[in-house]
Amino acid sequence: MFEASAQDSDTVTAQKLRDAALTDRFGYRFVETLTTTIGQRLAGTEALTRASLLAESTLLAAGFDNVHRESFPITAWMRGREEAEVTAPSSQRLVVATLGGSVATPPGGVETEIVVFARYSQLLAAAPGSLDGKIAVVTEAMPRVMDGSSYGAAISIRRSGPSEAAKRGAIAYLHRSLGTDDHRLAHVGATNYLEGVKRIPAAALSVPDAQQLARMAALGKVRIRLVLTPTSDEHAQSWTVSGEVRGSERPDEIVLIGAHLDSWDLGTGAIDDGAGVAIVLGAANLIAQFFGAEEMNYSGPAYAKMHADDIPHIVLAGEADFGARRVYTFLAPAGAMNTPFLQTLADTLNPLGIFLTRQPATNSGDDIAPRHDAGVPVIALRQNGIDYFDIHHTADNTFDKIDPQELAQATAAWVAAVYLAFQSELDFRKAAKDFKN
């Protein structure tokens, strides 16, 4: 009788939290302030330092416990000039964005013939030496899908493409932006140079410009001039910001939710990932008002390293990092499918138009991944990403793209999930272990 009453009470509280989130604007106001007063927050820059101070002061003013910032060393990469133009057979300017981590061209740039590959697999099939002295261009498109899974399938084009082109003799690399729009805006993103391979300058082309180059190359030889002047600072620092809402019944247990405070530098970091910060801030703040049952962090691998001792106490983790649109489905931790926790959560989320996916959550975001790899079970609340890759790494990543009602629905989903997870008697770690066995 006691267990049933406790469960009923938790259900009522979760419903109240859900409904309160639909009209609460705490997170929305924060992302408005963040994007308006600070804007872009490239890791290692003074702007991110100011953003961390804003997040810290917001958490303190809201009454969170154990609020603090922590710095960690990074090599900061900063964008310089980025110019590209077709010089033959006719003069045409191109819209490009230097890939994060890219090396610079010589001061005067490089000018040479291009080799266009319609598919990334065609570049990988090219023979060593076949691109000597040329610029490799990959024009493969990324399909538009609701869950954004095509991004993961295509990301090697950006991450590994420059090194693969260099292996074959290329002196620079361009690729069609990993985006689903048709705007003449390039999508920035990071690249990863392979050890032992010459580092060559690399940039993303806007989708229309990649299409233009493909058409031109089909008609004959094309030459491009490319100037990229990024710089790096090996002595920079970045920040994590964290705060706690402490429960009283199980003080050693942590439900961890997070988002990343930094952003790329072309827009103001609204969709990626100011919206995610707004969601977790809004959810945590409501729980603090109603009860107090979770720990919220803006976290990454550095935070995981600095707080390795916390990992055994984290019962569940999740990350909001997919824009500001509505949540449409929920993935439970492995082993939690046929449990009262999940049934209660499914019933609570159903009025929001959210359905339960039968497959278990296998990831929740890049910043949570180190905890998941260390054995922490995760939840995943999938948001509608049908147009997320139109803008997420572009100059269009701005506050006006956030719909406050859709953001509120996502916050409502997170606050209900986090509250019920902490209140549940389910041992998520044991359930996940038993599921695997």
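User: What makes Glu164 and Arg168 a salt bridge?

Analyst: The rule asks for a side-chain nitrogen of Lys or Arg within 4 Å of a carboxyl oxygen of Asp or Glu. Between Glu164 and Arg168 the closest N and O atoms are 3.0 Å apart, so the pair meets that rule. This is a predicted model, in which local features need pLDDT of at least 70 and side-chain atom pairs count only at pLDDT 80 or more, while totals for chains, interfaces and linings use all residues. Residues are numbered from 1 along each chain as its sequence is written, and side-chain values use heavy atoms, with hydrogens and water left out.

User: How many salt bridges does the rule give, and which residues are linked in a network of them?

Analyst: The count comes to 17 salt bridges. Arg79, Glu82 and Asp265 are linked in a network.

User: Are Glu164 and Arg168 buried or exposed?

Analyst: Both are buried. That word is used for under 20% relative accessible area, exposed for over 50% and partly exposed for what lies in between, with a 1.4 Å probe and protein chains only.

User: Why can the salt bridge of Asp387 and Arg325 be said to tie parts of the chain together?

Analyst: The side chains of Asp387 and Arg325 meet at 2.8 Å, N to O, in a salt bridge. Asp387 lies in the loop between S16 and helix H13 (388-391), and Arg325 in the loop between strand S13 (314-319) and S14, so the pair ties together parts that are 62 residues apart in sequence. Those element names come from DSSP runs, numbered from the N terminus: helices are H or I with at least four residues, strands E with at least two.

User: Why is Asp387 called partly exposed, and what about Arg325?

Analyst: Asp387 has 25% relative accessibility, so it counts as partly exposed. Arg325 has a relative accessible area of 27%, so it is partly exposed as well.

User: Which salt bridge does Glu406 form, and is Glu406 buried or exposed?

Analyst: Glu406 forms a salt bridge with Arg325, the closest N and O atoms being 3.0 Å apart. This pair links helix H14 (residues 404-423), where Glu406 sits, with the loop between S13 and S14 that holds Arg325, 81 residues apart. Glu406 has a relative accessible area of 17%, so it is buried.

User: Which polar contact does the side chain of Asp272 make?

Analyst: Its partner is the side chain of His393, at 3.1 Å. A polar contact is a pair of N or O atoms within 3.5 Å; within protein, one must be able to donate a hydrogen and the other to accept it, and residues adjacent in sequence count only if both atoms are side-chain atoms.

User: What is the peptide bond from Asp272 to Asp273 like?

Analyst: The bond is cis, with omega near 0°. Another cis peptide bond joins Ala88 and Pro89, with omega about 15°; Pro89 is in the loop between S2 and S3.

User: How do you know that S14 and S15 pair?

Analyst: Two strands pair if DSSP finds at least two bridges between them. S14 (residues 327-331) and S15 have three bridges in the parallel sense, so they qualify. Leu331 stands opposite Thr357 in S15.

User: What sheet do these strands belong to, and why do S15 and S16 stand at the edges?

Analyst: Three strands form an open sheet in the order S15-S14-S16, with mixed pairing. S15 (355-357) and S16 (380-383) each have a single partner strand, so one side of each is left without a neighbour in the sheet.
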